[in-house]
Amino acid sequence: MDYYVYKDDQNIGPLTETEVGNGMRNGRFSPTDLACRVGETSWKDLSFLFPLENSSPVAPAPQIVYQPPPVYQQQAPVVRQPQIVYQQAPTNFGSSSDVGKLMMYEANKKSTGVAYLLWFFLGMFGAHRFYIGETGTGVAILLITIISFILMAVFVGFLTIWISSIWVFVDLFLIPSMVQKQNNLLAARLNIYR
């Protein structure tokens, strides 16, 4: 599969996977440069598309350095514990955590369009409120509707069905603000806006 790479305000490509991998190994491309598969429209970091080319070498196991104890005259030898020498692993991870947070936000955010579709087809059962995350009020609408259908056998249900009908009609105007509220809570939970 071929790729386009966006670097220094220009598109480079199409390049094969091998050419992109060689470019990352020899420093022509950095892991934070953007790339897109030919025929697609979404641009992603090279580190996301080629994770093995970006991986840092594994830090070696700690080396144990043993130093023999010095021998003093007229004293018993002092036994020392072996010293462990740790090498610090590289910490250059870029901004992959921010990218991960944005990807998590995009995957979990609520859509006003989907909420309106659920409202249109299943609004009397509270489906739009379940989707948005307003589970308590979704259950209330669902129970009122079910009880109203049961009570229609004694003609009382025709009066109670208006409660859920009016509630669902009011939701027509409240859906955008409820979706925005849920998306803002998701962004705050993921700590996207600092």
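**Salt bridges and a helix pair**

Biologist: Which residue forms a salt bridge with aspartate 33?
Modeller: This is a predicted model, and in it the closest N and O atoms of the pair are 3.2 Å apart. Aspartate 33 sits in the loop between helix H1 (17-25) and strand S3 (34-37), and its partner lies 26 residues apart from it in strand S1 (residues 3-7). Both residues are buried. The partner is lysine 7.

Biologist: Is glutamate 106 buried, partly exposed or exposed?
Modeller: Glutamate 106 forms a salt bridge with lysine 109, with 3.3 Å between the closest N and O atoms. Buried means under 20% relative accessible area and exposed means over 50%. Glutamate 106 has 47% relative accessibility, so it counts as partly exposed.

Biologist: Happy to follow so far! Which helix holds arginine 129?
Modeller: The side chain of arginine 129 meets that of aspartate 171 in a salt bridge of 2.7 Å, N to O, and both residues are buried. The two are 42 residues apart, with aspartate 171 in helix H8. Arginine 129 is in helix H6 (residues 127-132).

Biologist: Are H7 and H8 roughly parallel or roughly antiparallel to each other?
Modeller: Helix H7 (residues 135-151) and helix H8 (residues 157-190) pack with their axes 8 Å apart, at an angle of about 150 degrees. Angles over 145 degrees count as roughly antiparallel. H7 and H8 are therefore roughly antiparallel.

Biologist: How many nonpolar residues does the contact of H7 with H8 have?
Modeller: Residues that meet here include Ile141 and Leu151 in H7, and Trp167 and Asp171 in H8. By class, the contact has 6 polar residues, 1 charged residue and, for the class you asked about, 8 nonpolar.

How values were computed. Residues are numbered from 1 along each chain as its sequence is written. This is a predicted model: local features need pLDDT of at least 70, side-chain atom pairs count only at pLDDT 80 or more; totals for chains, interfaces and linings use all residues. Side-chain values use heavy atoms; hydrogens and water are left out. Axes are lines fitted to C-alpha atoms, for helices over the stretch in contact, and angles run from 0 to 180 degrees between N-to-C directions. Helices (H or I, at least four residues) and strands (E, at least two) are DSSP runs, numbered from the N terminus. Angles under 35 degrees count as roughly parallel, over 145 as roughly antiparallel, 65 to 115 as roughly perpendicular and the rest as oblique. Contact means heavy atoms within 4.5 Å. Ala, Val, Leu, Ile, Met, Phe, Trp, Tyr, Cys and Pro count as nonpolar, Asp, Glu, Lys and Arg as charged, and the others, Gly among them, as polar. A salt bridge is a side-chain nitrogen of Lys or Arg within 4 Å of a carboxyl oxygen of Asp or Glu. Buried means under 20% relative accessible area, exposed over 50%, partly exposed in between (1.4 Å probe, protein chains only).
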